[in-house]
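Please open the structure in your viewer and keep the sequence beside it.

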Amino acid sequence: MTVWVFRLAKWSAVLGGLVLVALTLMSVASIVGRALNGLGLGPVPGDFELVEIGTGVAVFLFLPWTYLRGGHATVDLFYDRMPAVVRKAVSVACDLLMLVLWVVLTWKLWDGMVEKREYMETSFILQMPVWWGYAASLVGALIGCLAYLTKTLINLGLAQYPQGWPVQHAGGH
């Protein structure tokens, strides 16, 4: 199962990268359109709305892979000097806390999506349903729940990292 979660998180991050590339290309087109406004071109309508939604979606798609790879920022001022058993306890406690936090975040994201859909809220310029952004972010949040659960199980010794998957550990940042 861990192999499947790691693959899913990796492809989620790739998709997040593609979202950012698309946003970058759209931003360039919008800026060029503004610069060439006198020639009949113009900015991309709703460009800031698309960047706002797309950036949020990309972040949710990146975070599971970042976490599984140990890529989050850490403060190692005291951690490196602690005994191994204390470091393990701190690591497990942090993983459990992050899992709970991520589950609550996903739950509230679901609630927000349902509310936005129920009230048919739309963006100002594009009149795009706001719940679409919530739904796209929810995909990354659900993958994040799987990733945080998997990492917690690994730290508790109930699962193992997949063979051949390089994992960075805190302390080398």
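The stops below move from the whole chain to individual residues.

**Before starting**

This is a predicted model, in which local features need pLDDT of at least 70 and side-chain atom pairs count only at pLDDT 80 or more, while totals for chains, interfaces and linings use all residues. Residues are numbered from 1 along each chain as its sequence is written, and side-chain values use heavy atoms, with hydrogens and water left out.

**Stop 1: the whole chain**

Display the protein chain as a cartoon: there are four helices and zero strands. Helices (H or I, at least four residues) and strands (E, at least two) are DSSP runs, numbered from the N terminus. The radius of gyration of the chain is 20 Å, well over the 16 Å that the globule rule gives for 173 residues, so the chain is more spread out than a compact globule. That radius is taken over C-alpha atoms, and the globule rule is 2.2 Å times the number of residues to the power 0.38. Along the principal axes, the C-alpha atoms fill a box of roughly 65 × 35 × 30 Å. Of the 173 residues, 32% count as buried; buried means under 20% relative accessible area, exposed over 50%, and partly exposed in between (1.4 Å probe, protein chains only).

**Stop 2: Asp47 and Arg34**

Select Asp47, which lies in helix 2 (residues 47-68). Which residue forms a salt bridge with Asp47? The partner is Arg34, with the closest N and O atoms 3.1 Å apart. The pair links distant parts of the chain, Arg34 being in helix 1 and 13 residues from Asp47. A salt bridge is a side-chain nitrogen of Lys or Arg within 4 Å of a carboxyl oxygen of Asp or Glu. Asp47 is buried at 12% relative accessibility, whereas Arg34 is partly exposed at 44%. Leaving aside neighbours within four places in sequence, Asp47 is in contact (heavy atoms within 4.5 Å) with Met26, Ser30 and Arg34.

**Stop 3: two further salt bridges**

A search of the whole structure finds three salt bridges. Select Lys108 and Asp111 for another of them, with closest N and O atoms 3.2 Å apart. Both residues lie in helix 3, three residues apart, about one turn of the helix. Lys108 is partly exposed, at 46% relative accessibility, and Asp111 is partly exposed at 30%.

Next select Lys116 and Glu121, whose side chains meet in a salt bridge (3.1 Å, N to O). Is Lys116 buried or exposed? At 17% relative accessibility, Lys116 counts as buried, while Glu121 is partly exposed at 34%.

**Stop 4**

Move to Ser123, in the loop between helix 3 (84-118) and helix 4. Ser123 counts as buried, at 10% relative accessibility. Not counting residues up to four places away in sequence, Ser123 touches Glu49, Met128 and Val130.

**Stop 5: helix 4**

Select Tyr134, in helix 4 (residues 131-155). Tyr134 is partly exposed, with a relative accessible area of 26%. Leaving aside neighbours within four places in sequence, Tyr134 is in contact with Leu109, Gly112, Met113 and Lys116. Tyr134 and Ile53 are 81 residues apart in sequence, yet 8.4 Å apart in space, C-alpha to C-alpha.
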